[in-house]
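Hello,

Here is the structure I promised to pass on to you. Have a look at it first, and my notes follow below.

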Amino acid sequence: MARRNERAAGIGSRAVQIGFLLGILVLWYLATNRWGVNRLLLPNPIAVWQQLLDVLKSSEYLPDLRVTLTELLVAFALSMTFGITVGFFVSRTRYSIRVFDPLFAGIYSIPIILFLPLYVLFFGLGPASKIALGATISFFPIVLSTIAGFSNVDRTLVTAAKSMGASDYQLFRYVLVPAALPVILSGLRMGFTIALLAIIGSETIASLAGLGHHIVQLAEGMDMARMFAYIAFVVVIAVLLNGIVSFLEARGRRWT
Amino acid sequence: MTPSLRIYLLRHPGVVRLGVIVLILIAWEIAARWFIDPLFISPPSRVFLSLGAVWQTAGVPAALRLTFFELAVAFAIAVVIGLTVGLAVGLQPFVRRSLLPIILLLYGLPQITILPLFILYFGIGAASKIAFGVTHGMFPITLAIVAGVQNLKPILLVSARSMGASRWQVLRWVIFPHMIPSFFAGMRLGMSGVLLGVLLAELYVSTAGIGHFTTMFTENFDPTKLFGLVTMLAAMAIVLNEIVRRAETRFSRWR
């Protein structure tokens, strides 16, 4: 009985969720078709859908997508390399953790997007400033999680491995890395997500190319239906990228 | 290094931390003075001395006040929305199961992509910054409230009701005190969200806020003033974060 109730409640929840999303679509349609909301403020959902299909077919997004993905990959490679290296060496002694960990955590709590004007001044409007900002922003979660991962390895595991005569390399490969990996991986996923946000954000604010730049161009041209379609496209790309990274994280956890 | 100094430093890692910061500043000073084109970077000593000049630039104090105002209003609205939605969604299991996935979905979307829409709907003035700050701040607060209500032990609710507490009394004496720690944790996350949202919108387009001046200093290749202004903003962000963090540690002590 209780089980049946649970299942009924589950179906009810799904129904509410689907109803909610359908309700928004219907309201959107009615607002544009019946209530005469200005097309420059809210384009017709059907027009947006057609534009979305057109965007996908035309492959005009390829140059922008390539720019954004290149920036993202370079920025993430930089922050991953520096974050893990610095984090590892800081985590070697308890003392250096106490010196550096609060320092990184303190800087991480400042909204680093503030420094974007400095980066633009220094690196220019091109991809370099986006790479630098994305790398800076994603460095902090990676370095903090690497420190946390390596410093919380159970002391008994280390002592046991040493007493059984493990070499430094063996200790690193078979004890430290497996113990720290899950924490580091979640730091990497977080770093990737905020690097993506930082890069699209800085493309929106000041840039010459990229997905964020294209949305701004369409907004300035008041090409609303196409802009909505492009926003949907970018959101899907972001969701896909985050999904891939979450999948890799889950795979990485099993690897050790 | 004398042994006593060594022991002192070992006991006080904070002193060494300060030393690291000073070393970085010195390296920056040397690089900026002798190696890098002064059009792009300014040594910290000059930035520090220019803080007064930045403050006296016509419009800068007003811009900082405006940004502070945007942050405060956005934060207040985000707290009210987050609290209302969080309680409405969290208190009923059915509503929570139905709507929480939608809230999580919305929170997971990259909001930065719709920043141009906010400017279109709310104009280039303060309203669009406040709105963008609210949408960044309300989700973490909502989720923290939902989590806080969820962690409430059902036995407390049952016993309060069995002792004849009214709905309002349950809310006031049972739910509310238990929510305080997660409420303040949510406020802290909400504050960083609001800071991010407002600053993003300011930097994107601005007529009178700090975004206007960062653009102006960048376009005039005036790194000294730009660094000074960014330093002031960073100080403002640190102070706001610190206030919320202090409030969190202070009010979660009752348990």
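Contact here means that heavy atoms lie within 4.5 Å of each other. Please keep in mind that this is a predicted model. By that definition of contact, 44 residues of chain A meet 47 residues of chain B.

The interface between the two chains buries about 4000 Å², and carbon and sulfur atoms give 82% of that area. On the chain A side, A:Tyr95, A:Leu114 and A:Leu121 supply 17% of the area buried against chain B, more than any other three residues.

What about charges and polar groups? There are 0 salt bridges between chain A and chain B, while 5 residue pairs are in polar contact across the interface. Several helices of chain A give two or more residues to the side that touches chain B, among them helix 1 (2-33), helix 4 (94-108) and helix 5 (116-123). Helix 10 of chain A gives the largest share, with 8 residues. By type, the residues on this side of chain A are 37 nonpolar, 6 polar and 1 charged.

I also looked at one residue in detail. A:Ser207 sits in the loop that runs between helix 8 (168-205) and helix 9 (211-220) of chain A. Is A:Ser207 buried or exposed? Its relative accessibility is 13%, so A:Ser207 counts as buried, the cut-off being under 20%. A polar atom of the A:Ser207 side chain lies 2.7 Å from the backbone oxygen of A:Glu203. The side chain of A:Ser207 also makes a polar contact of 3.3 Å with the side chain of A:His213.

Best wishes

Note on methods: Residues are numbered from 1 along each chain as its sequence is written. Chains are lettered from A and ligands numbered from 1 in the order in which they are written. This is a predicted model: local features need pLDDT of at least 70, side-chain atom pairs count only at pLDDT 80 or more; totals for chains, interfaces and linings use all residues. Side-chain values use heavy atoms; hydrogens and water are left out. Helices (H or I, at least four residues) and strands (E, at least two) are DSSP runs, numbered from the N terminus. Buried means under 20% relative accessible area, exposed over 50%, partly exposed in between (1.4 Å probe, protein chains only). A polar contact is a pair of N or O atoms within 3.5 Å; within protein, one must be able to donate a hydrogen and the other to accept it, and residues adjacent in sequence count only if both atoms are side-chain atoms. Buried area is the accessible area (1.4 Å probe) that two parts lose on being put together, summed over both. A salt bridge is a side-chain nitrogen of Lys or Arg within 4 Å of a carboxyl oxygen of Asp or Glu. Ala, Val, Leu, Ile, Met, Phe, Trp, Tyr, Cys and Pro count as nonpolar, Asp, Glu, Lys and Arg as charged, and the others, Gly among them, as polar.
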